[in-house]
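Me: I have a model open and want to go through it piece by piece. Can you take my questions as they come?

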Amino acid sequence: MTMKTCSYCGKEYSDEFSICGVDQHPLVAANGLVRPRHHAMKKPVKIAIIVLVLFLELVWLAWPRLYMHGIVLDEPYRNAERKAALYANHNEKTPETKAAYDAEIKLLDNHMAKRELGYLVVMLAIDTVGFYCFWRYASIKTIT
Ligand SMILES: [Zn+2]
């Protein structure tokens, strides 16, 4: 007589049963080996991982902003114009040089915002697919 074991709790049943009486999980054919059971990742763990990934992505996105001084000098967009305005304002502070520099900073800000929005759209698209696959994969109860 062949035996079956519960795919969830491992309880043994004779062949005529197909559902575990304890937890209602399907029974699988026992092959006589002792098999460790791996439970699916718990829901709060999955949510915690997704939240962590989202948080890291936002930090990565906001990173250049945290070094605003670095962007002013390093960002290639209108770099020469911005530096010229910065040094002009530094050497001779007049309302005109300040206005010119502020205008450059505003252009830089708009440029960064557009780029961040682009990154955000791409990132959310990847996240949607990634999290969906992760959620499904992490839900599979594997028996090795
Ligand atoms: Zn069971």
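Me: Which residue of strand 2 does Lys-4 stand opposite?
Reply: Lys-4 stands opposite Tyr-13 in strand 2. Strands here are DSSP runs of E with at least two residues, helices are runs of H or I with at least four, and both are numbered from the N terminus. This is a predicted model, in which local features need pLDDT of at least 70 and side-chain atom pairs count only at pLDDT 80 or more, while totals for chains, interfaces and linings use all residues. Residues are numbered from 1 along each chain as its sequence is written.

Me: And what are the bridge partners of Thr-5?
Reply: In strand 2 the partner is Glu-12, and in strand 3 the partner of Thr-5 is Val-28.

Me: How do those strands pair, parallel or antiparallel?
Reply: Strand 1 (residues 3–6) pairs with strand 2 (residues 12–14) in the antiparallel sense over 3 bridges. Strand 1 also pairs with strand 3 (residues 27–29), again antiparallel and over 3 bridges. Two strands count as paired if DSSP finds at least two bridges between them.

Me: What sits between strands 1 and 2?
Reply: The two form a hairpin with 5 residues between them, and Gly-10 in the turn has a positive phi of about 85 degrees.

Me: What is the strand order in the sheet?
Reply: The order is 2-1-3, in an open sheet of 3 strands with antiparallel pairing. Strand 2 and strand 3 are at the edges with a single partner strand each, so one side of each has no neighbour in the sheet. On average, neighbouring strands are turned by 40 degrees against each other, direction ignored.

Me: Where is Gln-24, and is it buried or exposed?
Reply: Gln-24 is in the loop between strand 2 and strand 3. Gln-24 counts as exposed because it has 9 C-beta neighbours inside 10 Å. The cut-offs use C-beta atoms placed from the backbone: 20 or more others within 10 Å is buried, 12 or fewer is exposed, and in between is partly exposed. Phi of Gln-24 is near 65 degrees, a positive value in a residue other than glycine.

Me: What about Arg-78?
Reply: Arg-78 has a positive phi of about 50 degrees and is not a glycine either. Arg-78 lies in the loop between helix 2 (68–74) and helix 3, and is partly exposed, with 14 other C-beta atoms within 10 Å.

Me: Switching to helices. At what angle do helix 1 and helix 4 pack?
Reply: Helix 1 (residues 43–66) packs on helix 4 at about 165 degrees, with the axes 11 Å apart. That makes the two roughly antiparallel, a term for angles over 145 degrees. Axes are lines fitted to C-alpha atoms, for helices over the stretch in contact, and angles run from 0 to 180 degrees between N-to-C directions.

Me: Which residues make that contact?
Reply: Among them are Ile-50 and Leu-61 of helix 1, and Met-112, Leu-120 and Trp-135 of helix 4. Contact requires C-beta atoms, placed from the backbone, within 7 Å.

Me: How does helix 3 meet helix 4?
Reply: The axes of helix 3 (residues 79–91) and helix 4 (residues 95–139) come within 8 Å and cross at roughly 150 degrees. The contact includes Ala-85 and Leu-86 of helix 3, and Tyr-101 and Leu-108 of helix 4.

Me: Overall, how many helices and strands are there?
Reply: The protein has 4 helices and 5 strands, in the sequence pattern β-β-β-β-α-α-α-α-β. Of the 144 residues, 4% are buried.

How values were computed:
Contact = placed C-beta atoms within 7 Å. Parallel < 35°, antiparallel > 145°, perpendicular 65-115°, else oblique.
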